[in-house]
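Here's a quick briefing for anyone opening this one up for the first time. Have a look at the sequence and the model, then read on.

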Amino acid sequence: MTVLNEHTGEPGGAGQEPAHIDETVLRRVADAWPRRATIRTDLDRIAEPGEYDEALPDYPVRLLPFAEHPLFLAAAPEQRQKVLTLAWLVYNERVIAAEEHVANPTFAMIMHGVFPGADGVHLKRAVQQTHVDEVWHTYMHMVAMQRTREVRAVTGEPRYPHTVTYRRLLEADAQASEQWERDLLKLVWTTVSEISVNAYLELLSRDDTVQPLHSLVPRLHARDESAHSSVMVEVAKALYVHLNEEQRRAFTAYLPKALHAFVAQDFEVWPAVLAHAGIARADEIVADCRARSGNGLLVRDFSGIRRIVREMELEDRVDFDFGTE
Ligand SMILES: [Fe+2]
Ligand SMILES: [Fe+2]
């Protein structure tokens, strides 16, 4: 990313120096990785997952935006079960898309020196470890999906659209004119993803009403992500210091956009899922839910973004009022 000129920007909105990186956090996280990483400690649990209890649903019905819709409730039990199976696959697709299309390309960019400021040895260790973890997460979710497809004999799945999180990144990318804006968008989307993904994983990680593996995978994944959020806070601080004023303004303007993209309910995926399960008037069901859903959020835990705004000392620069949504 081109840094235009460190000193041409107007005085910062908050009129203060940005928060500085805490190398000791990165060192501690990086040193603990060999003991902590789930790729090391839990490989066997993924390689040989426990029994599949066909009586248990694949996904909790309460998380479906149309769970209470009369047309969904009127559908046959097998049709509703099929929706839950596909909803579980959709849930995993969303995780994998965030890893593969957003986080991993950004970690590669950081390691390749695209962003000035990413050169500390502990920062590089922690980012490379995080990148390894993410590839493993994709693998875990992929294995879980394959198993579901086998056990439930899923054939001919509908084509899922890009996830809402990735669509919004693509939309923002299409409006950006400079390469540095596009790079920064990926960095911000990744930052928000790394500090917020736990809220998404926790939708399932403690749920004992679904297949045990379907809460285990998010639970293991979330364990790695609690380390990643600490890494990403420090990485964001390290890179932010090197942004010029225009880039800092872009960074803080993108943060709430990325968060909204991350927590949104994805209405576009559901019509095809409902139709595939043989449920009539799928478009109408989803349109009703969209109209009635108020804020349209899937994830309501904003502690991650609050944390990064606080730790980066951006309170005065980020238009942030997620607590009231
Ligand atoms: Fe991950
Ligand atoms: Fe992560």
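How many other C-beta atoms lie within 10 Å of E313, and is E313 buried, exposed or partly exposed? E313 has 16 of them, so it counts as partly exposed. Keep in mind that this is a predicted model. With that in hand, here's the rest of the picture.

**Overall build**
- A compact globule of 325 residues would have a radius of gyration near 20 Å, and the protein's 21 Å agrees with that.
- Along its principal axes, the C-alpha trace spans about 65 × 45 × 30 Å.
- Of the 325 residues in the protein, 40% are buried.
- Take the contacts with a separation of 6 or more: 85% of them come from residues 24 or more positions apart.

**How α5 and α6 pack**
- A pair of packed helices is described by two things, the angle between their axes and the distance between the axes.
- Helix α5 covers residues 77-111, and its axis comes within 9 Å of the axis of α6, crossing at roughly 160°.
- Angles over 145 degrees count as roughly antiparallel, and therefore α5 and α6 are roughly antiparallel to each other.
- The crossing of α5 and α6 is left-handed.
- As for what sits in the contact of α5 with α6, its residues divide into 13 nonpolar, 10 polar and 4 charged.

**Two residues with a positive phi**
- Most residues other than glycine have a negative phi, which is the background for the next two.
- A153 isn't a glycine, yet its phi is positive, at about 50°.
- You'll find A153 in the loop between α6 (121-151) and α7 (164-175).
- A153 is exposed because it has 7 other C-beta atoms within 10 Å.
- E313, the residue from the opening question, isn't a glycine either, and its phi is positive at about 55°.
- E313 lies in the segment after α13 (303-311).

**A47, a spot to check in helix α3**
- A47 belongs to helix α3, which runs over residues 43-47.
- Is A47 buried or exposed? A47 has 8 C-beta neighbours inside 10 Å, so it counts as exposed.
- Along the chain, A47 and V143 are 96 residues apart, while their C-alpha atoms are separated by 8.4 Å.

Notes:
Residues are numbered from 1 along each chain as its sequence is written. Chains are lettered from A and ligands numbered from 1 in the order in which they are written. This is a predicted model: local features need pLDDT of at least 70, side-chain atom pairs count only at pLDDT 80 or more; totals for chains, interfaces and linings use all residues. The radius of gyration is taken over C-alpha atoms; the globule rule is 2.2 Å times the number of residues to the power 0.38. A residue is buried if 20 or more other C-beta atoms lie within 10 Å of its own, exposed if 12 or fewer, and partly exposed in between; C-beta atoms are placed from the backbone. Two residues are in contact if their C-beta atoms, placed from the backbone, lie within 7 Å. Helices (H or I, at least four residues) and strands (E, at least two) are DSSP runs, numbered from the N terminus. Axes are lines fitted to C-alpha atoms, for helices over the stretch in contact, and angles run from 0 to 180 degrees between N-to-C directions. Angles under 35 degrees count as roughly parallel, over 145 as roughly antiparallel, 65 to 115 as roughly perpendicular and the rest as oblique. A crossing is left-handed if the near helix is turned anticlockwise from the far one by less than a right angle, and right-handed if clockwise. Ala, Val, Leu, Ile, Met, Phe, Trp, Tyr, Cys and Pro count as nonpolar, Asp, Glu, Lys and Arg as charged, and the others, Gly among them, as polar.
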